Amino acid sequence: MQVLYLAQQHINRSEWDALITRSPQRQVYALSWYLDIVATTWDAIVAIDAQGKYAVVMPVPWRKKLGMRYVQQPLFCQQLGLYSTAETIEANIYEQFLAEVRSRFRYVAGYQFNTGNQLPKQAGRADVVLSQTFTLYLELKKGYEQLYQGYTRDRKINLKRAQRALLQLQESDDPEPVITFFKAETADRIYGGVAEKAYDTLRLLFAALQERGLVRLFYTVDAEGRKNAGCMFIIWQGRIVYIYNAAAGYGRKLNGRTLLLDFVIREYAGRDFIFDFESPDEREPDIVHFYSSFGAEPASMAVLQYNHLPRSIKWLRAARMRLIRKMRGLPHP
């Protein structure tokens, strides 16, 4: 197969989206319209079969700073990587695709492959870091009672507490309350902060998903009529992605998110769905523990990183990161 690098304007979008949709590795993140929203700019690497059709594709989201292009995973886009018409992707295809990335970008801040990609060990080189992270999946094929038995004891206790609090569930088409909760309770704890543009991107993404019937947003409402927790889910092609959530300070102890997650698990139990918690890695142990308490299991993802920038640029970047950490009162790593 011929491997090509295509600039965004040269991608056949209908062929691209058709491949993503039927791919065994399929994910909503890789659809062209989704990438248009979350990525500043994205190109593609494609393998062309004998009939001149896309056989394997890889989105490459990139940004530009100081005149240099670099690859960076967009927000609301946990996994990318290679998508194929075949169940298994040959090792030499991974190697050719990575070689294309290396030849065109001197810096990859972090690129996460999807859980269906099994990169060969030799795909990395001495000057390229190919590490592993994970997300957490819960297969919903089992009936709800069996899934419930997989909850930890603490999760069952907290679910009962939420039920006793008489919280009401409300489906909504308004993302503003959950965005407000996040700004007030979570944003300050994120390294580097959260730019207002990130919330604008979420609003655009929600609208696009809603237009296509691919999103569900739920809130819990207390006895006083106040929304106190919100959870947003993307539902596409047998996957439920827990894309965004937050809770108000006054509602945290009511376990609203536990109630909402249990509701969605209950609703889709017994069907051929995978619930993707979009889990962070072990650097966020409390969140990992919370998601694992629903019986979710880790699924590994390869992560590509390297920095071949000039030494002066590396020094400037390191100095900037030290300044940010100092201003936010964080220890230097």
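Reader: How do you know whether L166 is buried or exposed?

Author: The relative accessibility of L166 is 61%. Buried means under 20% relative accessible area, exposed over 50%, and partly exposed in between (1.4 Å probe, protein chains only). L166 sits in the loop between α5 (153-164) and β8 (168-172). Helices (H or I, at least four residues) and strands (E, at least two) are DSSP runs, numbered from the N terminus. L166 also has a positive phi of about 60°, although it is not a glycine.

Reader: What kind of model is this, and which conventions apply?

Author: This is a predicted model: local features need pLDDT of at least 70 and side-chain atom pairs count only at pLDDT 80 or more, while totals for chains, interfaces and linings use all residues. Residues are numbered from 1 along each chain as its sequence is written, and side-chain values use heavy atoms, with hydrogens and water left out.

Reader: What pLDDT does the protein average, and where does pLDDT stay under 50?

Author: The average is 90, where pLDDT is the predictor's confidence in each residue, from 0 to 100. Of the residues, 90% score at least 70. Residues 323-333 stay under 50. For that stretch the model has 16 contacts beyond four places in sequence; contact means heavy atoms within 4.5 Å.

Reader: N255 has a positive phi too. How do you know whether N255 is buried or exposed?

Author: The phi of N255 is about 60°, and N255 is not a glycine. N255 lies in the loop between β11 and α8 (256-268). Its relative accessible area is 14%, which is under the 20% limit, so N255 is buried.

Reader: What makes α6 and α7 roughly parallel or roughly antiparallel?

Author: They pack at an angle of about 155°, with their axes 11 Å apart. Axes are lines fitted to C-alpha atoms, for helices over the stretch in contact, and angles run from 0 to 180 degrees between N-to-C directions. Under 35 degrees counts as roughly parallel, over 145 as roughly antiparallel, 65 to 115 as roughly perpendicular, and the rest as oblique. About 155° is over 145, so α6 and α7 are roughly antiparallel to each other. The contact is made by E176, I179, F182 and K183 of α6 and E196, Y199, L202 and R203 of α7.

Reader: What makes α5 and α8 roughly perpendicular or oblique?

Author: Their axes come within 8 Å and cross at roughly 100°. That angle falls in the 65 to 115 range, so the pair is roughly perpendicular. From α5, R155, N158, L159, A162 and Q163 make the contact. From α8, T258, L259 and D262 do.

Reader: How do you know whether I179 is buried or exposed?

Author: I179 is in helix α6. At 1% relative accessibility it is under the 20% limit, and therefore buried. Beyond four places in sequence, I179 touches Y199, L202, R203 and Y244. The buried residues of α6 (residues 176-185) also include P177, V178, F181 and F182. They pack against α7 (196-211), β9 (215-221), β10 (227-236) and β11 (239-247).

Reader: And T201 and I240: what makes each of them buried or exposed?

Author: T201, in helix α7, has 13% relative accessibility and therefore counts as buried. Leaving out residues up to four places away, T201 touches I37, V38 and F76. I240 lies in strand β11. With a relative accessible area of 0%, I240 is therefore buried as well. Contacts of I240 beyond four places in sequence include L140, F233, V264, Y268 and D276.

Reader: What makes a set of residues a nonpolar core?

Author: A nonpolar core is a set of buried Ala, Val, Leu, Ile, Met, Phe, Trp, Tyr and Cys residues joined through side-chain atoms within 4.5 Å. The largest here has 73 residues. W16, Y34 and Y244 have the most contacts inside it. Strand β3 (residues 54-65) gives the most to this core, with seven residues. Apart from it lies another core, of 32 residues, among them Y148, L167, L259 and V288.

Reader: Which residues is Y34 in contact with?

Author: Leaving aside neighbours within four places in sequence, Y34 is in contact with V28, Y29, F76, L205, L209, I234 and I243.
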